[in-house]
Amino acid sequence: SLHDALPISRQYLADQMGVTLDDLEQLVFSNAFGMRAQRGEISAKQHWKTIQQRFGLDEKGLKDFRRDFFGGDVLDRELLNYIHTLRSQYKIGLLSNAFSDLRTYLENSWSIADLFDDLVISAEVGLVKPDAKIFLLTLERLGVQPGEAVFIDDFLHNIDGARAVHMNTVHFQNPGQARQDLEAILSKGRSE
């Protein structure tokens, strides 16, 4: 439910830092430090410190960097409201490849942690999508079988990971499509 509404600020930031948007996102998420932070091997603070050093930023510079990097990300309130309506009939889990500070954001900054029955955050469990183990752990924590679960993600490699453990999947491309695909799976489940 967190998606890039206007990734202009991230592009602007890349231009300011003298790197491509691709390189910027790689530095934050996919390089060795980003992956270590997502696996919980280093803290979010340590990871941001490496970004700070890479670009030679002072404390304010780092704060501005983080603000601009995530500036285009907005919560999809309509989708969150829809998730809320599902809570009465279904268990809802959040499974995220994220740094050690995500839980704090979900609980305090965005106040949406209570929408979910469980939060499985990669940095806290030492596993990352698309590893089968993180899907199996999520299923175990929610107390559901793979065939009873629907996994929604925007990355196809994560969808493939969930399918490998026999979960139902929805490839998120936009909120309307994702909701329609989910409804189709849920109504099929209700009619069986």
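Student: Where is Ser111 found?

Tutor: Ser111 is found in the loop between helix H7 (102–109) and strand E4 (118–121), where helices (H or I, at least four residues) and strands (E, at least two) are DSSP runs numbered from the N terminus. Please keep in mind that this is a predicted model, in which local features need pLDDT of at least 70 and side-chain atom pairs count only at pLDDT 80 or more, while totals for chains, interfaces and linings use all residues. Residues are numbered from 1 along each chain as its sequence is written, and side-chain values use heavy atoms, with hydrogens and water left out.

Student: Why is Ser111 called partly exposed?

Tutor: Buried means under 20% relative accessible area and exposed means over 50%, with partly exposed in between (1.4 Å probe, protein chains only). Ser111 has a relative accessible area of 48%, and is therefore partly exposed. Its backbone also deserves a remark, as Ser111 has a positive phi of about 50 degrees although it is not a glycine.

Student: What makes His166 exposed?

Tutor: The relative accessible area of His166 is 63%, so this residue counts as exposed. His166 has its place in the loop between H10 and E6, and its phi is near 70 degrees, a positive value in a residue other than glycine.

Student: Which residues of helix H10 are buried, and how do you know that they line one face of the helix?

Tutor: In H10 (residues 156–164), the buried residues are Asn158, Ile159, Gly161 and Ala162. Seen down the axis of H10, they fall within an arc of 160 degrees, and therefore they line one face of the helix; the arc is that of the directions from the helix axis to the C-beta atoms. These buried residues pack against helix H9 (132–142), strand E5 (150–153) and strand E6 (168–171).

Student: Why is Asn158 called buried, and what is it in contact with?

Tutor: Asn158 is called buried because its relative accessible area is 3%. Leaving aside neighbours within four places in sequence, Asn158 is in contact (heavy atoms within 4.5 Å) with Lys129, Pro130, Phe135, Phe151 and Asp153. Two of those partners are joined by a peptide bond, from Lys129 to Pro130, that is cis, with omega near 10 degrees, and Pro130 has its place in the loop between helix H8 (122–125) and H9.

Student: How do you know that Val170 is buried?

Tutor: Val170, which lies in strand E6, has 1% relative accessibility and therefore counts as buried. Not counting residues up to four places away in sequence, Val170 touches several residues, among them Val150, Ile159, Asp181 and Ile185.

Student: Why are H4 and H5 called roughly perpendicular?

Tutor: The axes of helix H4 (residues 44–55) and helix H5 (residues 59–69) come within 10 Å and cross at roughly 110 degrees. Such axes are lines fitted to C-alpha atoms, for helices over the stretch in contact, with angles running from 0 to 180 degrees between N-to-C directions. Angles under 35 degrees count as roughly parallel, over 145 as roughly antiparallel, 65 to 115 as roughly perpendicular and the rest as oblique. H4 and H5 are therefore roughly perpendicular to each other.

Student: Which residues make the contact of H4 with H5?

Tutor: On the H4 side the contact is made by Trp48, Lys49, Ile51, Gln52 and Phe55, and on the H5 side by Glu59, Leu62, Phe65 and Arg66.
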